[in-house]
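Subject: Structure handover

Hello,

Please find the structure below. My notes on it come after.

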Amino acid sequence: MRRLIYILPVLAFAALAYFLFKGLSGPPPDEIPSAFVGKPAPAVQLAGLDGPGFGGKEFRTGQVTVVNVFASWCVPCREELPAIAALGRMKNIQLYGFAYKDKPDALRAFLRDTGNPYARVGVDPDGRAGIEWGVYYVPETFIVDRHGIIRERFLGPISADNLLRDVLPAIKRASES
């Protein structure tokens with residue numbers, strides 16, 4: 001009986017360690033597949049921050065659209081802005097910003113401080129549109145082809161490296177579909 005008192009905690013620790021280790025073997029958070037890739041962009045209409053918003057019909061214009069989900073309270077969103085600004089300077093795409101669970105005054109201050117690379121900024125103060133888009137966390141970036149189909153989703157901040165390696169090739173593929 002005494003032996004059981006010493007062995008039981010060791011077995012419990014071993015079982016806990018096993019399950020924790022198994023949890024590490026799942027896909028990294030930036031590789032979580034999206035159920036929305038290959039499907040039409042949600043038709044939810046986002047109100048504009050200080051201009052026109054956007055929704056389903058704006059994605060079927062014959063041009064690739066990059067939708068960047070961001071928030072003023074998101075530190076990685078601030079870090080990715082140079083790469084997002086580079087996308088905003090491209091002539092063959094339209095770049096839309098999707099402000100997730102944020103306040104209009106905070107957004108205005110954020111965009112004033114960092115520069116606004118977006119052609120349109122839609123606001124989603126309660127996160128409902130984020131649910132429709134399957135937003136997992138911010139920042140996220142979606143590539144929508146000229147027919148309104150989501151072709152790619154990138155979780156996490158866009159860096160100069162993955163802009164060249166991943167995002168620009170995805171935009172090229174979307175423009176050819």
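This is a predicted model: local features need pLDDT of at least 70, side-chain atom pairs count only at pLDDT 80 or more; totals for chains, interfaces and linings use all residues.

Residues are numbered from 1 along each chain as its sequence is written, and side-chain values use heavy atoms, with hydrogens and water left out.

Asn-68 sits in strand β2, residues 64-70 (helices, H or I, of at least four residues and strands, E, of at least two are DSSP runs numbered from the N terminus). Asn-68 is buried, at a relative accessible area of 0% (buried is under 20%, exposed over 50%, partly exposed in between, with a 1.4 Å probe and protein chains only). Its side chain makes a polar contact of 2.9 Å with that of Glu-80, and another of 2.9 Å with that of Thr-141. A polar contact is a pair of N or O atoms within 3.5 Å; within protein, one must be able to donate a hydrogen and the other to accept it, and residues adjacent in sequence count only if both atoms are side-chain atoms. Leaving aside residues up to four places away in sequence, Asn-68 also touches residues including Ile-84, Tyr-96 and Phe-98 (contact means heavy atoms within 4.5 Å).

Two backbone features follow. Most residues other than glycine have a negative phi, and most peptide bonds are trans. Lys-101, not a glycine, has a positive phi of about 50 degrees. Lys-101 lies in the loop between β3 (93-100) and α4 (104-114) and is partly exposed, at 42%. The Val-138 to Pro-139 peptide bond is cis, with omega near 0 degrees; Pro-139 is in the loop between α5 (128-133) and β5 (140-144).

Regards
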